[in-house]
Amino acid sequence: MSDAPPAVLKTVARPPKPSALSNALTFGWRAMLKFRHVPEQLFDLVMTPIMFTLLFTFVFGGALAGSTSDYLQFFLPGILVQTVVFNAVYSGMGLSTDLGKGLFDRFRSLPIWPLAPFAGLMVGDILRHLIAASIILTIGLLLGYRPEMGLPGVLGAFAFLVAIGFGMGWIFIVLGLLISTPTTVMTLGFTFLFPLVFASNIMVDPATMPDWLRAFVDVNPVSLMTTAIRGLMNGGGSWGDVGLALIAPALITAALAPVTLALYRRR
Amino acid sequence: MSHISSFSPRNSGTAAIDARGLVKHFGDVTAVAGIDLLVPKGMIFAILGPNGAGKTTLMRMLATLARPDSGTASVMGHDLVSEPDAVRGAIAMTGQFASLDEDLTGRENLILLARLWGFKGRHARERADDLLAAFDLAAAAAKQVKAYSGGMRRRLDIAASLIVTPGVLFLDEPTTGLDPTARKDVWRMIRELALSGVTILLTTQYLEEADQLAARIAVIDKGRKIAEGTSRELKAQTGSGFVHVSLADASRRAAAAAVLEKELGVEIQQSAEGAELSAMAGSAEAANRALAALIAQGIELTDFSMGQPSLDEVFFALTGEKSRDAEEERMSA
């Protein structure tokens, strides 16, 4: 090696400052690369909902709804909600991992839009939600599920899933910022989510539940989301249901987006 | 604080870093307890201190990653608190732990950062490829970073700091955990960068590293700067005549230490192996007398020398504590 500096180390000037959108899209590109390099993550995301779909439909379906096909029709929109809500935990874990590795220190020392790394996480989340929901829906269609509202209903449902995934995502981003151990983020996340998902109308009609539980199930945001998506895919719903279901994600976003920024800047 | 400085005029036009009275607390712990730092442009400046001295916190404040509780600082002429984005545009930081995405390839990591800096499409890829070639990583460009060795990660991490040539490059313990060959590689890169005009502020626990690389050294201990100067100045501060002796018979070191202590009237430092002793001698005559006394006692020497103290000895003289280097040598001995 010579003592003279190699040509590449000669001064390279800074190009014009990129836009906030360009920064966010670059982080989105990173999220897409992750899918290419770590395809296993999709396996984690879809295995549980696939198991749930098969077990609930074939083991409990007949007993709960009279026939497995009737039950699948009832259950499938709800399992999509469950998938998206559970998936939100993974972005918190990813964030916690990035923070632990010092990667965010580099991002924070760059002259970029401060929220761009989070926008990138969101892009990754949205992709994850859409891919997982497509796989579950495909399996549902193979098993005999038929969305009565057709393609527009399915597209509407997917847009709705992205919206609730976006809202729920903030909870786990905040956890990811606060907790340095990714597995703790996962444990805490599922501890919080399991009662929300099971004490809802995803798996069963709450009519037979005791009054005190039904009082909770009726206002559980997961129930409201499930009611809304059933309306979108199977018909018989209203835009009011959708609006009601979006209140919780909207409130979470309004409350936790500023908290996220403050936590990120504070570190 | 002992302050020795042949270079002192505070002139912000030539200073890459001008920090005054920086303080940072974490709860009840004061990590940095009021540090002034003046680093001229183009210099390699080392912050030397043991674990927990506050080196990393000081560097994180200067890189806008932690906000000072009090004090002011400017980096490349931009105020740390009021113009953080301008500071970020003028610096790059390579943290203590490789700040890379392990799942991505080396090339993708660099392209990601090049795009964040504003390089578009082909230009981002070209910049990444140029850096990979310069850092001897072209062959591993398409491998995921998780498959890289420690030395490769460190090279990629430094390359990632050079997407745009920074005014100031912060290197937090750039060679910690590297094997000797990888460490020499990193040293060579740091020297080359400095030749190209980049100001480099590095932290280190290795006295040899500061001695090898830095034009000036600030010694930090318990959140305070306890000394600053060139390597030569720091060495001179602990006294000119240092006498080193190596004993033929290590079992006689207690006797030898007693003789030296009696003749020189100072504390005697013993090496990890115990066969080598060193002490500050006030003058050459005193050193000669001490050597004569050793021989008169029948203590056989395999080697002796007089000269400037090593930075290990300087650190010991300044803090009264063994440096980490010395501790590690003792552990491995």
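Local features are given where pLDDT is at least 70 and side-chain atom pairs only at pLDDT 80 or more, whereas totals for chains, interfaces and linings use all residues. Residues are numbered from 1 along each chain as its sequence is written, chains are lettered from A and ligands numbered from 1 in the order in which they are written, and side-chain values use heavy atoms, with hydrogens and water left out.

**View 1. Chain A is built from helices.** The secondary structure of chain A comes to 10 helices and zero strands; helices (H or I, at least four residues) and strands (E, at least two) are DSSP runs, numbered from the N terminus. Along the sequence the pattern reads α-α-α-α-α-α-α-α-α-α. Taken along the principal axes, the C-alpha atoms of chain A fill a box of roughly 80 × 35 × 35 Å.

**View 2. The interface of chain A and chain B.** Contact (heavy atoms within 4.5 Å) joins 39 residues of chain A to 47 residues of chain B. The two chains bury about 3,800 Å² between them, with 61% of it on carbon and sulfur atoms; buried area is the accessible area (1.4 Å probe) that two parts lose on being put together, summed over both. Between the chains, 13 residue pairs are in polar contact, both residues being at pLDDT 80 or more. A polar contact is a pair of N or O atoms within 3.5 Å; within protein, one must be able to donate a hydrogen and the other to accept it, and residues adjacent in sequence count only if both atoms are side-chain atoms. On the side of chain A that touches chain B, the elements giving two or more residues are α1 (20-37) and α4 (103-108) of chain A. The largest share, nine residues, comes from α1(A). By class, this side of chain A has 20 nonpolar, seven polar and 12 charged residues, where Ala, Val, Leu, Ile, Met, Phe, Trp, Tyr, Cys and Pro count as nonpolar, Asp, Glu, Lys and Arg as charged, and the others, Gly among them, as polar.

View 3. A salt bridge is a side-chain nitrogen of Lys or Arg within 4 Å of a carboxyl oxygen of Asp or Glu. B:Asp157 and A:Arg106 meet in a salt bridge at 2.6 Å, N to O. Another salt bridge, between B:Glu173 and B:Lys55, has an N to O distance of 3.6 Å. B:Glu173 is in the loop between β7 (168-172) and α6 (180-195) of chain B, B:Lys55 is in helix α1 (residues 55-62) of chain B, and the two are 118 residues apart.

**View 4. An open sheet in chain B.** Four strands run in the order β2-β1-β4-β5 with antiparallel pairing; two strands pair if DSSP finds at least two bridges between them. The edge strands are β2 (29-40) and β5 (78-79) of chain B, each pairing on one side only. Strand β1 (residues 15-26) of chain B pairs with β4(B) over five bridges, and B:Ile17 stands opposite B:Val75 in β4(B).

**View 5. The β4-β5 hairpin of chain B.** Strand β4 (residues 70-75) of chain B and β5(B) pair in the antiparallel sense over two bridges. B:Ser74 stands opposite B:Asp79 in β5(B). Two residues lie between the strands, and B:Met76 in the turn has a positive phi of about 50°.

**View 6. Confidence along chain B.** Over residues 1-12 of chain B pLDDT stays under 50. The pLDDT is also below 50 over residues 329-333 of chain B. Where pLDDT is low, the predicted coordinates should not be read in detail.

Methods: pLDDT = per-residue confidence, 0-100.
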